[in-house]
Amino acid sequence: MAESKATWQPELTKTWSAVAGGPVTSISLSSKGKVAVSTASRVLLFDPPPSLALKKEIQAGSGVTAASFTSKGTDVVSGGSDGFLKWWQVDTGDEVCSTQFPQAEGNTDLAVQEVACSKAGFVAATSGRWVDWWARQLRSAEGSSLACSWGQAAVLCGAEGSCN
């Protein structure tokens with residue numbers, strides 16, 4: 001029988017906290033084996049084992065609470081205590097776009113607790129007792145730059161745990 005998350009997670013968090021130089025808010029693995037470690041203000045990106053060399057340090061602002069790689073491993077989505085989700089390019093560390101968790105009746109705590117990215121390109125996040133998901137679409141804008149538009153697809157579960 002496999003060890004439970006409760007058994008190995010505290011030791012893993014302690015180890016990565018030492019590497020990151022402070023408390024870790026989340027740890028994520030990409031499909032290519034890269035590691036993203038979020039702290040209160042940064043997302044640290046490491047090469048896959050065995051080197052685990054620090055490749056990029058993204059200054060993500062204050063209150064980073066979670067981070068997750070996209071399915072291709074080319075981007076990281078971070079969530080914050082302010083309710084914002086931010087999409088970062090792994091290679092450059094540039095912020096591509098952001099959106100704030102929607103304010104809804106009964107959801108006064110906007111802090112993002114968890115972020116997950118699907119193979120289909122959707123991002124799911126939890127805030128308070130709510131789960132929302134978004135699709136990120138990049139479209140060409142004048143001057144060959146890219147503009148980001150987030151489309152909130154649906155509120156999945158409400159404060160009472162009922163689903164719409």
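Helices (H or I, at least four residues) and strands (E, at least two residues) are DSSP runs, numbered from the N terminus. This is a predicted model, where local features need pLDDT of at least 70, side-chain atom pairs count only at pLDDT 80 or more, and totals for chains, interfaces and linings use all residues. Residues are numbered from 1 along each chain as its sequence is written, and side-chain values use heavy atoms, with hydrogens and water left out.

Q: What is the order of elements from the N terminus on?
A: The elements run α-β-β-β-β-β-β-β-β-β-β-β-β. That is 1 helix and 12 strands.

Q: What makes β5 and β6 a pair?
A: Two strands pair if DSSP finds at least two bridges between them. β5 and β6 (residues 75–80) have 5 bridges, in the antiparallel sense. Therefore they count as paired. Within this pairing, F69 stands opposite V76 in β6.

Q: Why are β5 and β8 said to stand at the edges?
A: The open sheet of 4 strands has the order β5-β6-β7-β8, with antiparallel pairing. β5 (64–69) and β8 (95–100) each have a single partner strand, so one side of each is left without a neighbour in the sheet. The twist averages 20° from one strand to the next, with axes being lines fitted to C-alpha atoms, for helices over the stretch in contact, and angles running from 0 to 180 degrees between N-to-C directions.

Q: How many residues of the chain count as buried, in percent?
A: Buried means under 20% relative accessible area, with a 1.4 Å probe and protein chains only. Of the 164 residues, 37% count as buried.

Terms used: Buried < 20%, exposed > 50% of the residue type's maximum accessible area, 1.4 Å probe, protein only.
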